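Let's take a walk through this fold, one spot at a time. Have the sequence and the model open side by side.

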Amino acid sequence: MPSDLSSFNQKLTPTYHTTVYPAINPTRPELSQAGKTVLITGASAGIGYHIAKSFVEAKADKVIILGRRADKIKAAAETLSAESQGTKVIGLSCDVGSPTAVAELWGRLAGEGTRIDVLVLNAANTGVVKPLLEQGTNAVWESYDFNVRAQFDMTERFYKQELGAGRKKYLVHVSTGAVHTFENTAPMPTYSMTKHAGALTLQLLASYEIPAKDMQVIIYHPGAIFTEAAERAGFTTETLPWEDVSLPGGFAVWAATPEAEHIHGRFVWAAWDVDELKSGDLGKRLKEDPYFLKFGVNGLTG
Ligand SMILES: NC(=O)c1ccc[n+]([C@@H]2O[C@H](COP(=O)([O-])OP(=O)(O)OC[C@H]3O[C@@H](n4cnc5c(N)ncnc54)[C@H](OP(=O)(O)O)[C@@H]3O)[C@@H](O)[C@H]2O)c1
């Protein structure tokens, strides 16, 4: 593990949050998801589950959660339903990495007249902790297949839905600090490079093809959250200053509202204070600099 942990908590805004706070609290009336149907990938456990919980708290009409293990996703949907006050929670077993399963999913949604208003792309392939050349091309490509092709497949189908075609859509992508803090994740190179490529795909779509009024795209690092995936990557409860899972949950709901429109197509951390990001020098830079908080080459603009 790296000895310098400073890049694990990069403080762009003076206030750095480690748990949900009032501006992104899902129960805030301005963040209400009433009338919306939300689809979340990888939501039987970890961050995805808590994102689903936050959309339930924000009173979405329907929350559809996806996971591969049928028993896990069913149990997660039952727990969320028991906590919900009117939100319908549906758990579907679906491997987002399977083109056939994804085609069937969207066919089923269209067939039953379900229009997705908010898509949260959360499930990821975390790759393995091994140098690239030890992994070889096939293992590296497998990660690309999930973190780039599968994410784009979901995005394209979401964007091209025929139902409610004129209504604004919200796409929220759970990215990772590993897309820029390369030294920290050097032992997991496929994770960094494929999550970077997946996020860049969405950045390009948002910057040059789809205006926020049609589909608002927000790409965010959820924070360091101790989950099964973190454990698999070799972290322990002691390794990092872990953040609370309510933080990425509340942030996802905020990102699916017009309040986040000014960061359409940009990459941010859930820990950064959303009000401070909008005001002062940071707010000015977001208005004036189209490359700010976007992927590119250090030292160059554009
Ligand atoms: N944890 C962190 O500190 C951290 C930090 C930065 C970024 N992130 C990002 O946060 C996201 C979630 O990470 P996490 O730590 O919560 O992961 P996790 O603990 O491994 O949870 C993953 C969830 O996704 C589901 N899933 C995995 N593969 C799937 C597939 N092919 N199709 C459908 N569902 C699938 C899993 O259920 P099944 O196994 O049953 O499918 C589970 O519900 C990822 O995008 C990750 O890159 C996490």
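This is a predicted model: local features need pLDDT of at least 70, side-chain atom pairs count only at pLDDT 80 or more; totals for chains, interfaces and linings use all residues.

## The nonpolar cores

Time to look at the greasy parts. In soluble globular proteins, nonpolar side chains tend to be buried together. Here, the largest nonpolar core takes in 83 residues. Leu39, Phe55, Met154 and Phe251 are the ones with the most contacts inside that core. A separate core of 7 residues lies apart from it, and its members include Ala178, Tyr191, Ala224 and Phe235.

Leaving out anything up to four places away in sequence, Phe55 touches Gln33, Val38 and Ile40, then Ala60 and Val63, then Val118 and Val120, and finally Ala252, Val253 and Ala256.

## α1 against α2

Helix α1 spans residues 46-57 and helix α2 spans residues 70-83. Their axes are 10 Å apart and the two pack at an angle of about 25 degrees. Angles under 35 degrees count as roughly parallel, so α1 is roughly parallel to α2. The crossing of this pair is right-handed.

On the α1 side, the residues that meet α2 are Tyr49, Ala52, Lys53 and Val56. Their partners in α2 are Ala76, Thr79, Leu80 and Glu83. Sorted by class, this contact has 5 nonpolar residues, 1 polar and 2 charged.

## α3 against α5

Now for another helix pair. Helix α3 (residues 99-111) packs on helix α5 (residues 137-159) at an angle of about 15 degrees, with 11 Å between the axes. That angle makes α3 roughly parallel to α5. Here, too, is a handedness to note: α3 crosses α5 in a right-handed way.

From α3, the contact draws on Pro99, Val102, Ala103, Leu105 and Trp106. From α5 come Arg149, Asp153, Met154, Arg157 and Phe158. By class, the contact has 7 nonpolar residues, 3 charged and no polar ones. Met154 also turned up among the residues with the most contacts inside the largest nonpolar core.

## Two positive phi angles

Lys59 is not a glycine, yet its phi is positive, at about 65 degrees. You'll find Lys59 in the loop between α1 and β2 (62-67). Is Lys59 buried or partly exposed? Its relative accessible area is 43%, so Lys59 is partly exposed.

Leu293 is another non-glycine with a positive phi, of about 60 degrees. Leu293 lies in the segment after α10 (280-288). With a relative accessible area of 16%, Leu293 is buried.

## Ala34 and its surroundings

Ala34 is in the segment before β1 (37-40). Setting aside residues up to four places away in sequence, Ala34 touches Ala58, Lys59, Ala60 and Asp61. Ala34 and Thr227 are 193 residues apart along the chain, and 29 Å separates their C-alpha atoms.

Methods:
Residues are numbered from 1 along each chain as its sequence is written. Side-chain values use heavy atoms; hydrogens and water are left out. A nonpolar core is a set of buried Ala, Val, Leu, Ile, Met, Phe, Trp, Tyr and Cys residues joined through side-chain atoms within 4.5 Å. Buried means under 20% relative accessible area, exposed over 50%, partly exposed in between (1.4 Å probe, protein chains only). Contact means heavy atoms within 4.5 Å. Axes are lines fitted to C-alpha atoms, for helices over the stretch in contact, and angles run from 0 to 180 degrees between N-to-C directions. Helices (H or I, at least four residues) and strands (E, at least two) are DSSP runs, numbered from the N terminus. Angles under 35 degrees count as roughly parallel, over 145 as roughly antiparallel, 65 to 115 as roughly perpendicular and the rest as oblique. A crossing is left-handed if the near helix is turned anticlockwise from the far one by less than a right angle, and right-handed if clockwise. Ala, Val, Leu, Ile, Met, Phe, Trp, Tyr, Cys and Pro count as nonpolar, Asp, Glu, Lys and Arg as charged, and the others, Gly among them, as polar.
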